[in-house]
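Me: I am new to this structure and would like to learn how to read it. Could we take it feature by feature?

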Amino acid sequence: MSCIFSCKKIPLPQKLIKFGKVFTDAGFEAYLVGGAVRDYFMKKDAHDWDVATNATPEQVMKLFKFVVPTGIAHGTVTVHFEKTEIEVTTFRTESHYSDGRHPDKVVYAATIQEDLSRRDFTMNAIAVNLANGKIVDLFEGQKDIKKKLIKTVGNPHKRFMEDGLRPIRALRFASKLNFSIEKYTYLEIFKDDIKNKIKSISIERFRDEFEKVLCSPKPSVGLKLMEETGVLSMFIPEFDCCRNCVQSDYRAFHKFDVLDHLFYSCDGAPKEKLNIRLAALFHDIGKPAAKKMVIEEVLDGEKRDGSTKQVETVTFHCHESYSEKITREILIRLKFSNEMINNVCHLVKEHMFHYESSWTDAAVRRFIVRVGKDCIDDLYDVRLSDMYGMWNEPVDIRYSESVKLLIELKDRIAAQLEKQNALSLKDLAVNGKDLMAEGIPAGKQLGLILNHLLDCVLEDPALNNRKDLLNIAKRQGCRI
């Protein structure tokens, strides 16, 4: 280890200088550490502030008025300072990790050097003294940042055996930052004892890193690294059968197998929408289960006499239903919220809609009801992501009939929504009480009649008035 105390300084925000002065005035040291420092050297704006100090959590809580003990067992508190949350952690050195996940005990360290020595990667082991802006770089992290290289602090095997999440963090940083993983650091991930440590982490810790990969500029980078190292199979083995599941046939709809198509579809989804990236990643995961090869008779394009030839065609009928079921099982296992699970699964289930210009306005209204007004824009995004994933490039809307139809559908839906026609039971001019007043008993029959009324109004919005609906309800009641 070459201990480097740089004479160079970096400019600090005035707020952080004031924050650091609270520590120095009380006789303590405070250093900016972590992602904010790395972002500075990458010429990026920092969004989160992490500070390391020789003050204990109890001492920090006495220095500031608003402090939350967010991780006090690990020496961490969150200070609310001038409308900013700053995570403050006491210098520490960690002992043996008997479970590969958590240190057996956390021991406070005396110096910033000791604290930086226990960190994961060189690019994350740089500190800046809040008192004077001077850089402390013990492991030449600045050089690795310049080389766009992810490298462990010290022996990679030891670092990874301490915490099974660290190998996954390496893959995530490669995806997020567009960095390469140093050769010997990467090779360690393939070792059996390291893989066992990775398997020991909680599903929530994996999910958090998985989310960050999906939110990176190009998720396919991290996803392919996860596949290559076997990490993806550990936590989402359902992807295994998607590799080498060929989709292409004479129609040339797809360039890639199912797995690459899913990876690239995820790339094509909006970065800021996790639900869309999840739906794009899983939308075709049921294709291997639905796949069938059939022989079809088609016109022989090489001849002009109308003769035909037999070709082998690949089909994936009802794959969206398989995909929805598998996606739900995966997201439940990864412990996503119920809201996220239901939203993503709904998008997966509905992604195979086939709009044609011949649709009636009633058909458009029924589509709105089936998909839900709040999900329509998301479903557009999933469809566009699917198109992106077919060729791993954006679709040129000038030449894409599919995009033209999508835009047409979007315009027709907007026109229907602007008319404010009834699209749900609560929009009807009558309700259950009105029907019961006409002698229709409460129960299953009442529900069936209300749904029939909605169907009638979707077909002809002019019927949404009390008189017509009550007449229809009475006639329907006699039939049931």
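Me: Which residues do ring pairs link into a cluster?

Reply: Rings of Phe, Tyr and Trp (its six-membered ring) pair if their centres lie within 6.5 Å; planes under 30 degrees apart count as stacked, over 60 as edge-to-face and the rest as tilted. Here such pairs join Phe19, Phe23, Phe64 and Phe81 into a cluster. The model is a predicted one, where local features need pLDDT of at least 70 and side-chain atom pairs count only at pLDDT 80 or more, while totals for chains, interfaces and linings use all residues. Residues are numbered from 1 along each chain as its sequence is written, and side-chain values use heavy atoms, with hydrogens and water left out.

Me: How many aromatic pairs does the rule give?

Reply: The count is 17 aromatic pairs. Helices (H or I, at least four residues) and strands (E, at least two) are DSSP runs, numbered from the N terminus. Phe19 and Phe23 are about one helical turn apart because they stand 4 residues from each other in helix α1 (residues 14-25).

Me: Are Phe19 and Phe23 buried or exposed?

Reply: Buried means under 20% relative accessible area, exposed over 50%, and partly exposed in between (1.4 Å probe, protein chains only). Both Phe19 and Phe23 are buried. Another pair is Tyr355 with Trp359: the ring centres are 5.0 Å apart and the planes at 80 degrees, so this pair is edge-to-face. Tyr355 has 8% relative accessibility and therefore counts as buried.

Me: Where does a charge lie over a ring, as with Lys287?

Reply: The test is that NZ of Lys or CZ of Arg is within 6 Å of the ring centre and within 35 degrees of the ring normal. Lys287 lies over the face of Phe316, 4.8 Å from the ring centre.

Me: Which residues of helix α9 are buried?

Reply: In α9 (residues 192-199), they are Ile194, Lys197 and Ile198. These residues are on the same side of α9 because they cover an arc of only 100 degrees around the axis, where the arc is that of the directions from the helix axis to the C-beta atoms. Asp192 and Lys199, on the other side of α9, are exposed. For packing, contact means heavy atoms within 4.5 Å. The buried residues of α9 pack against α6 (156-162), α7 (166-177), α8 (183-188) and α12 (231-235).

Me: What is Leu171 in contact with, beyond its neighbours within four places in sequence?

Reply: Leu171 belongs to helix α7 and is buried, with a relative accessible area of 0%. Among its contacts beyond those neighbours are Ile181, Tyr186, Gly222, Leu225 and Val231.

Me: Which value of phi does Asn244 have, and where is Asn244 found?

Reply: Most residues other than glycine have a negative phi. Asn244 has a positive one, near 65 degrees, and is found in the loop between α12 and α13 (258-268). At 64% relative accessibility, Asn244 is exposed. Lys335 also has a positive phi, near 60 degrees. Lys335 sits in the loop between α16 (319-333) and α17 (338-350) and, at 47% relative accessibility, is partly exposed.
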